[in-house]
Amino acid sequence: MYLLEERSLKYLAAILINLLFFANVVQSKNPHEILEDTVYDVLKNFYTVLDVKNYDKEKLRKIVTDDFLVFEAARSMDIDAFHLFLTQKDPNAEPLIHTSWQLSDHRLYLDDHSAHVSYMNRGTFQHGTTLRVTIDWMESALLVRKDEDLRIKFINANLISKDIQNLPAQKTD
């Protein structure tokens, strides 16, 4: 009987070791899949917050780090300078009424504490009824873990092209 219990314990131990091994293998795949989705969600949220209809500096603060930097328009900007850049009014154009961004061609690099993503970005900016500007950028972003969240620490935006369209005047009756 003692021999039977010893075999049973060895068999049980082997099963437990296999379960732990396979659980770790399965578990090690999930964080990267979740993290990839999380990175894209944070980027989408960033551009949603930048939308002219949604923009709020405090919302932006919740998705970037305290030492956030963006390199854009030949400038290095922290969150306060970036806020001024985003909210400046062009005296030569009607106010913005629509903004949109399309992100594509993502390349993602992950580790346990951060993510680096490069992507193409096409932004469209509608100024009233008279002007539409379409800009293409090649961008990269560094996201880092802060507590349980991923936050954007750095964005580098390189201008590829800018298309300015003067729209025909709207006829009023």
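Two strands pair if DSSP finds at least two bridges between them. Helices (H or I, at least four residues) and strands (E, at least two) are DSSP runs, numbered from the N terminus. The model is predicted, so local features need pLDDT of at least 70 and side-chain atom pairs count only at pLDDT 80 or more, while totals for chains, interfaces and linings use all residues. Residues are numbered from 1 along each chain as its sequence is written, and side-chain values use heavy atoms, with hydrogens and water left out.

**View 1. Overall fold of the predicted protein.** The protein has 3 helices and 6 strands. Along the sequence these follow the pattern α-α-β-β-α-β-β-β-β. Of its 173 residues, 29% count as buried (buried is under 20% relative accessible area, exposed over 50%, partly exposed in between, with a 1.4 Å probe and protein chains only). Among contacts with a separation of 6 or more, 53% join residues 24 or more positions apart (contact means heavy atoms within 4.5 Å).

**View 2. The open sheet.** The 6 strands form an open sheet in the order E2-E1-E6-E5-E4-E3, with mixed pairing. Strand E2 (75-77) and E3 stand at the edges with a single partner strand each, so one side of each has no neighbour in the sheet. On average, neighbouring strands of this sheet are turned by 20° against each other, direction ignored (axes are lines fitted to C-alpha atoms, for helices over the stretch in contact, and angles run from 0 to 180 degrees between N-to-C directions). Strands of a sheet pair through backbone hydrogen bonds, either parallel or antiparallel.

**View 3. E4 and E5.** E4 and E5 run antiparallel and are joined by 14 bridges. Thr124 stands opposite Thr134 in E5. The two strands form a hairpin with 3 residues between them. In the turn, Gly128 has a positive phi of about 55°.

**View 4. E5 and E6.** The antiparallel pairing of E5 with E6 extends over 16 bridges. Met138 stands opposite Asn158 in E6, and Asp136 stands opposite Ser161 in E6. The hairpin of these strands has 2 residues between them, and Asp147 takes a positive phi near 60° there.

**View 5. E1 with its partners E6 and E2.** E1 and E6 run parallel, joined by 4 bridges. In this pairing Leu69 stands opposite Phe154 in E6. E1 and E2 run antiparallel, joined by 3 bridges. Phe71 has Ser76 in E2 as its bridge partner. The hairpin of E1 and E2 has 2 residues between the strands, and Ala73 in that hairpin takes a positive phi near 55°.

**View 6. Surroundings of Ser140.** Ser140 lies in strand E5. With a relative accessibility of 17%, Ser140 counts as buried. Leaving out residues up to four places away in sequence, Ser140 touches His116, Val117, Ser118, Tyr119, Phe154, Ile155 and Asn156. Of these, Phe154 is the residue of E6 that Leu69 stands opposite.

**View 7. His113 in the loop between E3 and E4.** His113 lies in the loop that links E3 and E4. At 58% relative accessibility, His113 counts as exposed. Its contacts, neighbours within four places in sequence set aside, are Leu143, Val144 and Arg145. The C-alpha atoms of His113 and Arg145 are separated by 5.5 Å, although the two residues are 32 residues apart along the chain.

**View 8. The largest pocket.** Rolling a probe the size of a water molecule over the atoms shows where empty space is left. Here a 1 Å grid over the protein atoms alone is used: a cavity is a set of points where a 1.4 Å probe fits but cannot get out, and a pocket is an open set with protein on both sides within 12 Å along at least five of seven lines. The largest pocket has a volume of about 1,100 Å³ (grid points are joined across faces, edges and corners, and a volume is the space filled by probe spheres set on the points). It is lined by 35 residues (lining residues have an atom within 4 Å of a point). Phe85, Leu86, Gln88, Leu96 and Phe125 lie nearest the centre of the pocket. Elements giving two or more residues to the lining include helix H1 (2-50), helix H3 (79-87) and strand E3 (96-110). E6 gives the most, with 6 residues. The lining divides into 23 nonpolar, 6 polar and 6 charged residues (Ala, Val, Leu, Ile, Met, Phe, Trp, Tyr, Cys and Pro count as nonpolar, Asp, Glu, Lys and Arg as charged, and the others, Gly among them, as polar).
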